[in-house]
Amino acid sequence: MGVRQDSRARMESQIIEVGRRHLITDGPAGLSLRAIARDLGVVSSAVYRYVSSRDDLLTLLLVDAYSELAARVDEAAAEGDPEWRGRILRMAHAAREWAVAQPASWSLLYGSPVPGYRAPAERTTGPGTRVVGALLGAVAAGIAAGDVADVELAVTARLSTDFENLRQEFGFSGGDAAVARTITLWAGLVGTISLEVFGQYGSDTFGDPREVFDLNIRTLVDLLTIPAPDPN
């Protein structure tokens, strides 16, 4: 059984490696298991034993990309000063560096949906939410340090329930405002990276997009510390 599992793991790893190359040349909608088999030098039936369809291949590539991105972010979080602001900045820059180096994989995660494909939640939710979980962990450290303002926030009952579900999922103790501000941080992180990766800034607007990114993330981190308004 161990030998069989090792063989399967090696073959899946090779399929993912070739699939990532095809993402660059053909895009996710153009992935073909026959083309993957041809590049591997095997008959297509050999690939189908490990990957049942193009959608199954997309799922493998999604999980691989989410996991690699999260691993880079986790490594950055563990480096240097554990102070929460620095952790968030390191994590954000690690995410940007990965995306700039792997634009096709970033596009698979955060670009246009692939027509006809629906990612299976049971396989992709865990890997896909690791970075969000890491950000919530850093924000929780900011709350514990007294730096992040865990203020009151008036939201609808439905949204408050959604926030409570997130708190339960990630073991986060902050209130609705802290959850909302972390979501804003996450959305800004993904959006700012995507503007650069997808060329939306233009080729000559900014001499160093990294400086723009750093400024944006620092601004979003500052948002976390805005105190509650004075009721008087």
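In the predicted model, helices H6 and H10 pack at an angle of about 135°, with their axes 11 Å apart. Angles over 145 degrees would count as roughly antiparallel and those from 65 to 115 as roughly perpendicular, the rest being oblique; H6 and H10 are therefore oblique to each other. The crossing in which H6 passes H10 is left-handed. On the H6 side, the contact is formed by Pro103, Trp106 and Tyr110, and H10 contributes Trp186, Val190, Ile193, Ser194 and Val197. Classified by residue type, this contact comprises 7 nonpolar residues and 1 polar residue, with no charged residues.

H10 also packs against helix H9, which spans residues 157–170. The axes of H9 and H10 come within 10 Å and cross at roughly 80°. This angle lies in the range of 65 to 115 degrees, and the two helices are therefore roughly perpendicular to each other. Here Ser160, Phe163, Leu166 and Arg167 of H9 meet Asp176, Val179, Ala180 and Ile183 of H10. The contact of H9 with H10 has 5 nonpolar, 1 polar and 2 charged residues.

The largest nonpolar core of the model contains 59 residues. Within this core, the residues with the most contacts are Ile15, Leu57, Leu69, Ile88, Met91, Leu189 and Ile217. Two or more core residues come from each of helices H1 (2–26), H2 (33–40), H4 (54–78), H5 (84–101), H6 (103–110), H8 (130–144), H10 (176–197) and H11 (209–224). Of these elements, H4 gives the most, with 11 residues.

Leucine 69 is among the core residues with the most contacts. Apart from its neighbours within four places in sequence, leucine 69 is in contact with Ala95, Trp98, Trp106, Leu109, Tyr110 and Val131. Two of these partners, Trp106 and Tyr110, also take part in the contact of H6 with H10.

Tyrosine 66 is located in helix H4. Its relative accessible area is 15%, and because buried means under 20%, tyrosine 66 is classed as buried. When neighbours within four places in sequence are set aside, the contacts of tyrosine 66 are with Leu109, Tyr110, Thr124, Pro127 and Gly128. Histidine 93 lies 27 residues from tyrosine 66 along the chain, and the C-alpha atoms of tyrosine 66 and histidine 93 are separated by 16 Å.

Notes:
Residues numbered from 1 in each chain as written. Predicted model: local features only at pLDDT ≥ 70, side-chain atom pairs only at ≥ 80, totals over all residues. Heavy atoms only, no water. Core = buried A, V, L, I, M, F, W, Y, C linked by side-chain atoms within 4.5 Å. Buried < 20%, exposed > 50% of the residue type's maximum accessible area, 1.4 Å probe, protein only. Helix = DSSP H or I, 4+ residues; strand = E, 2+ residues; numbered from the N terminus. Contact = heavy atoms within 4.5 Å. Axes fitted to C-alpha atoms, helices over the stretch in contact; angles between N-to-C directions. Parallel < 35°, antiparallel > 145°, perpendicular 65-115°, else oblique. Left-handed = near helix turned anticlockwise from the far one by under 90°. Nonpolar A, V, L, I, M, F, W, Y, C, P; charged D, E, K, R; others polar.
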